[in-house]
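This report covers a sheet and the helices packed in the model. The sequence and structure are shown first.

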Amino acid sequence: MSDTAAEPDALLRHKPDELLRHRPDELLRHHGDVEVESGFVDFAVNVRGDGPPPWLRDRLATALSSLGSYPSAAAEYAAREQVAAHHGRSPDEVLLLSGGAEGFSMLPRLEPSLAATIHPSFTEPDWVLEQAGVPVHRVILPPPFALDPTLVPEAADMVIIGNPTNPTSVLHPCEAVLSLRRPGRTVVVDEAFADAVLGAGESVASQSLDDVVVLRSLTKTWALAGLRCGYAVGHTDVLARMQHGRAHWPLGSLQIEAIRACTEPFAIDQARAESERIDRERTEMIGRLDALGLEIAGPARAPFLLVRVDGADSVRECLRARGIAVRRGDTFPGLDRHYLRVAVRDSVQVDILVDALNTVL
């Protein structure tokens, strides 16, 4: 067995050139969790906390008693009703997902002839569409990574954009996102980190448009990565096409309960408080990294920062040797080996990172 087959994670971390020769599509599926080992100080994964807050744990614990039965249509509808109320939409405009990323796996069912993906950004849509045989045109935004709709080919009948964008932390104006609309084109907006943005956040989730689909994740703010919870909002006809042929009972009872709980008014208030905390931590973290001479992409609005530093791949390995995980940037189209992504963390964890960087740099 070759090293490529035996040690894919090691290749992802250490041998990008070798991996590109053997399995170039694998770099599109590289995620920050590959960087993290037991006991590491984790700046690589954009999940807040080690698990859901106590109130949500209690809610899910109570729901355990329902696991002897199949998920009910009534519970699923109640969750869709709650999501719809949160965004001012109809329940028929809501599709519950097993993690926001499941929405990307459904996009080939819309049968686009040419998909344009805005980069640097999350690469799962590219991988899914290419695996389905859909031509993908990557639109590469140069620093400071502001959206330029004129770079998108007019022939593209699907455009996918993240807002705020992973990994650049850029928040595109709502008007700029909606300017991507064209007759016959579907615009897919990945708002996985929208609830972590302070203020209105430029979301388009509350706008009922027949050619715009918004994908949301609940795994980041609520530390539910292991439960896989999310949803899509869009026109009923588009959502029906996306879920055509989907398995029966696609979500379990705990997922449905979590989605409902995390979109209720109490949870929305908690998310708002968390976005304020993220904003404070991010401002402090930017100041400390800037003092080290690091270049921070911005203005940053998400719970992570894109950092440019010469020889970032070497810096990442030196931090790794000190038990600190950061996300490599060169697997994102449009970025090179001089970029890192770091999650926004509290001052105690940032102290550890800064102390290590002082040595490494």
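In what order do the seven strands of the open sheet run?

## Basis

The model is predicted: local features need pLDDT of at least 70, side-chain atom pairs count only at pLDDT 80 or more, and totals for chains, interfaces and linings use all residues. Residues are numbered from 1 along each chain as its sequence is written, and side-chain values use heavy atoms, with hydrogens and water left out.

## Sheet

The order is E2-E8-E7-E6-E5-E3-E4, with mixed pairing. Strands (E, at least two residues) and helices (H or I, at least four) are DSSP runs, numbered from the N terminus. Two strands pair if DSSP finds at least two bridges between them. On average, neighbouring strands are turned by 20° against each other, direction ignored.

E3 (residues 115–119) and E5 (residues 158–162) run parallel and are joined by three bridges. Alanine 116 has valine 159 in E5 as its bridge partner.

## Helices

Helix H5 (residues 73–87) lies across E2, E7 (212–217) and E8 (230–233), at about 120° to E2. Axes are lines fitted to C-alpha atoms, for helices over the stretch in contact, and angles run from 0 to 180 degrees between N-to-C directions. Contact means heavy atoms within 4.5 Å.

H12 (residues 312–321) packs with H13 (residues 347–360) at an angle of about 120°, the axes being 10 Å apart. That makes H12 oblique to H13; angles under 35 degrees count as roughly parallel, over 145 as roughly antiparallel, 65 to 115 as roughly perpendicular and the rest as oblique. Val315, Cys318 and Leu319 of H12 meet Leu353, Ala356, Leu357 and Val360 of H13.
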